[in-house]
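Q: Please take a close look at the contact between the two chains. How is this interface built up, and how are its two sides related?

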Number of protein chains: 2
Amino acid sequence: MSDAIEQLRARLAELADLENTAHLLQWDQQTMMPPRGASGRAEARATLERISHDMFVSAETGRLLEAAAAALDGSPDSDEAPLVRVTRRRWEKARRGPSELAADLARAAAVGQEAWVQARANSDFAAFAPYLERNIELARLYVECFDDFECAYDTLLDDYEPGMRSAEVGALFAELKGELVPLIAKLCESSDRVDDRCLHGSFPIDRQRQLVAEVVERMGFDPSAWRIDDAVHPFAVGLGASDVRITTRWDETYFATGLYGAMHECGHGLYEAGIAPALARTPLEHGESLGLHESQSRLWENVVGRGRPFSGVLAPRVATLFGMELDQDTLYRAVNRVDPSFIRVEADEATYGLHIVLRFELEQEVVEGRLAVQDLPEAWNSRFEQYLGLKVPDDAQGVLQDVHWSAGLIGYFPTYAIGNLIAGQLWERAHAEMPDLDERIAAGELGALRGWLRKHVHRHGAKFSASELLQREVEAPILVRPFTGYLKRKLSDVYGLDL
Amino acid sequence: MSDAIEQLRARLAELADLENTAHLLQWDQQTMMPPRGASGRAEARATLERISHDMFVSAETGRLLEAAAAALDGSPDSDEAPLVRVTRRRWEKARRGPSELAADLARAAAVGQEAWVQARANSDFAAFAPYLERNIELARLYVECFDDFECAYDTLLDDYEPGMRSAEVGALFAELKGELVPLIAKLCESSDRVDDRCLHGSFPIDRQRQLVAEVVERMGFDPSAWRIDDAVHPFAVGLGASDVRITTRWDETYFATGLYGAMHECGHGLYEAGIAPALARTPLEHGESLGLHESQSRLWENVVGRGRPFSGVLAPRVATLFGMELDQDTLYRAVNRVDPSFIRVEADEATYGLHIVLRFELEQEVVEGRLAVQDLPEAWNSRFEQYLGLKVPDDAQGVLQDVHWSAGLIGYFPTYAIGNLIAGQLWERAHAEMPDLDERIAAGELGALRGWLRKHVHRHGAKFSASELLQREVEAPILVRPFTGYLKRKLSDVYGLDL
C-alpha cells in the first residue's frame, strides 16, 4: 500500500474509533445507563460528535484524500478505490453544512423529541407543530447548502440512502402502492380464513429468552463477539465486526414481539458481523445504505422467520417451552395474518409498505412546500383511510406515532420499505442459486443463507450504494416485483386464495 | 465568572466529557464487552487517550489557563483557584510526555492485560515477562520526560498520589511494617482463638445479591444514578456524580467476598457521587488522590462493615437469608480473623498492609534498575516468606496475581495502604465529632457518617491532595498510628489479648 493511502487510513482509523465509541455511548444509554446519567450523556455525545466532525471535515483530511486518490493503482475492485470514493463523497457533503447549522439541528432535534413525547401522550398535534415547523425550516436551510441535487428532498434522502433520488423512490412506491392496496383489500374480505390466537396467551419471559437464544444462535449469534440485551426501543449496533450488540423487548402476552423482533435485530447484527476484516477501522466497516441494512433484518425476520420452512423449526420449540399445542401450519398462518392497524412498528409484512408510502409522500410534500405542517393530520388521516381502509381515531395513533420527524430525521422513512424490496430480490437470487434452501431452513440449518448473504452483501460494508450492490450481485436495479411476487405466493398459500 | 474562566471551563468540560467516555469504555470492557471486542477496544481507548492528551496539552489550553489565572479574584477557597492550580499542574506534567508515548502506553496496557490473563491462568511468568519488560521500558521513557523529580519512582507515584514522594511513603511503610510484622506473628500464635467457619458454607448467589442490595442501599446507593454489576476484578467508576458504577464478584461458598467487596466499591462510589455539583464537567469532578479514594472504600469495608456495631445489623440478615444461626459476636470475630494468605485481594485488614509494602519495594527496585524483571518471582517469594511467614506455591498465587503491572500501573500499589492510614485518621476524627456514631451504625443508620465524609472529603473532588486535605480537615500529615492504634484495639477485642 502506498504511503499516501496508509496515511489516509491512519486518520480514518481514528475516526472509526470515535464512531465506534459513539455507538457505545448510544448503546449504553439505551440499555444500561441509570436515568440521572442522561444530561451528562447528552453532553458527552455532543462533544464526541463535534470532535469527530471537526477532525473529519478538516482541510488535512482533504489533503490526505487527494494524495490517496492520486496514489490509487486503478484496480476498481480493490478496497482502496471505494475507500477514497466513499470517504471523499462524505467529506464533501459534510463540509457543506456550517457547524452552527449542525448545532442548531442537534439542539432542535433534542428539544423536538422532548416536545413530541409530551404531545404524543396528549395526542396534541397543535402542541407539536411549532417544533416540526422548526425542524422543517432547518432541513430547508441544510438543503440550501447544496447545489448538486435536483430537489430538496433528494438532499435529505441522500443522507440515509446514498445515491438514491426521490424520482426513483416515487416510481417504486407508486408501483408498490398499486400492488398492495388491492391485495390488502382482498385479504381483508377473507380475514376469517386466518386465526392468530396461538400467538396470544401467557408466555413467561425467561422461556421467551431461551427460545430467542436458540434461534439467534442458529442464525449466527456468536457469544464471543455478540451481546443481546433488553431495550424499550430495540436496535442493533456494531462496534466493529467483533463486537455486535442487539437488543429486544418482550411482551408476556404475545411471544411474537420478542421472537421476530430478535430475528430482525440479529439480521442487522449479521450484516455488521459479516463485514470483511480488511475494512475494520475504516469508514466502510458499517453498512451505509439504510435500505440494504433493513433488507437484512427484514429478510431474516419475515422471509425466513415467518416462512413455512422455519415455522416447522419454531413450532415444536414454542409448544415445548410454553406447554401448548402448536403445529407448523398453525404458526405459519398465524404470523402471516394481514390485519391493517394504526401503528407502523406493529404492522404486518403486507400493510407495512403502505405505512411507509404514506410517510414518504407526506414528508416530501411538506419539505417541498406543497403541504403545510398544520394540514398534516388531515392529510395523514384521509390518505390512511384510502390506503388501509381505517379511520384514524386520534393523532397519537396517527401522525404523532413516530419519533423520526421530531428528531429531524426527514428522508429516513423510505429506507424501511426499500429494505423489503431488496430483501425480495436477494431472496429470489439466493433461492435460484441454492435450490435446496427451503429444505436446509426446514432442517434448522441457516448457515448456507448466512454465508450467501455474507458473500454477496455483508462483506462489502459501505463499498457500494444499494443500487450499485444490486447491479453487481443480481444484475438489476431495485425492483418491486420480486417482493410482491414473493408476498403474493406466501399469502396465497396462507389464505388458500389465488392472489 | 470572568470570560477567561468561562472559556477555560468550556474547554475543560469537553475534556471531562472525553474522560467520562473513557471511563465508559473501561467499564464496558470489564462488565459487558464480548471477548472478541478486545482488540478493537484497545484501539478505541488508545485513540481517545491520544485525542484527549493532544487537546489537553495544547498551547491553547495553556493560553486559557494563563488568562484564567490572571482573572482569579484571589479568594483561595473558591472553586476557581483550585481548578486553575490543579489543571495547570496536570497540564505542565502532561506536556512533558509526547502524545505518541501516551498512545504506546495505552496500547501496551491493553495488550499486556490480555497476555496477563493467559499467563496467570497457566502460572507462567516467563510468558508474561516480555509484556512487563515493555511496560517497564515505557514507564522509564515516561520518567525520562521529567527533570523535576528526585527519583524515577517519584515521577510514577505522583500520577496516582499527587504531591506524594517515595521518601515519605518509604518512611510510613517502614513504620507500618515494623508494627505489623510482630503483630501478625503474635496473632498467628493465637489463631485458635478465632473461628471463621460461619463464613464458609453454601450461600446461593441470589440471596447474596439481596443482602448486598440492602447493605449498599443503607450506604447510599441510589438506583436512579448508580449501577451494580458483576466483574471478575471488581472496581468502581464515576461517569460524573450522577452515573456511578460499582461492581462485585461472588463466591457461592464464602459470602464475605460479595458482601465486603460491595461495601468497598460502594465506598468508592459514594466518593464519586458526593463530589459537589459545581465541579461537574471539570477536572475536579473525580477524586484524584488514589489514597484518599481508597480511604473511603476501606473505611466502609473494614471500619464500618467489619466493625462490631454494624456486625449487629448484618448478623440477623445473614442468618435469615441463608437460614443459619449467627450472632453479632460470632460474625464480628470471624470477619476480623487474621490469617496470612497469598492473595492480596483476599487478605485480612492486618496482613493487607504487608502485601502492599512488598509490592512497593519490588516495583521501586525494578523501576530503578536494582532488580531485573526475570528475578521478580524469586524476590517476591523470599520477601513474602519473610513478612508473612508463608512459602508461595506458584506464581499465579504470587507475582502474577495482580492486574496492575500488566496494565502499566506502576507506582499505584502504595495508595492502597495509604488509604488504610487515612481511613484511620478520618475515623478517629469523625468519632471524636460524633460521639454517638457507634450507636447510629449499630441502628443501621449510616447517613451521619456518609454526610460527614461528604462534607470533609467527597465534595472537594480533586481540589486538594491527600496531604492538603488531611491538613485542612484533621490538622495533621498522614500518620501510621491512628490506623495501627485502631487495629490493635479491634484485634485485642477480637482475640481477647492485650496487643
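A: In this predicted model, 16 residue pairs, both at pLDDT 80 or more, are in polar contact between chain B and chain A (N or O atoms within 3.5 Å, one able to donate a hydrogen and the other to accept it; residues adjacent in sequence count only if both atoms are side-chain atoms). On the side of chain B that touches chain A, two or more residues each come from helix 1 (3-31), helix 2 (38-57) and strand 1 (226-230) of chain B (DSSP runs, H or I of at least four residues for helices and E of at least two for strands). Helix 1 of chain B gives the largest share, nine residues.

The contact (heavy atoms within 4.5 Å) draws 34 residues from chain B and 34 residues from chain A. Together the chains bury about 2700 Å², 57% of it on carbon and sulfur atoms (accessible area lost on being put together, 1.4 Å probe, summed over both). In chain B, Met32(B), Pro34(B) and Arg36(B) lose the most area to chain A, together 20% of what that side buries.

Chain B can be laid on chain A with an RMSD of 1.0 Å by a turn of 175° and a shift of 0.6 Å along the axis (least squares on C-alpha atoms with pLDDT of at least 70 in both). This is the relation of a two-fold axis. The same surface serves both copies, as 100% of the contact residues of chain B recur in chain A.

Residues are numbered from 1 along each chain as its sequence is written, and chains are lettered from A in the order in which they are written. Local features need pLDDT of at least 70, side-chain atom pairs count only at pLDDT 80 or more, totals for chains, interfaces and linings use all residues, and side-chain values use heavy atoms, without hydrogens and water.

Definitions and conventions: Buried area = accessible area lost by both parts, 1.4 Å probe.
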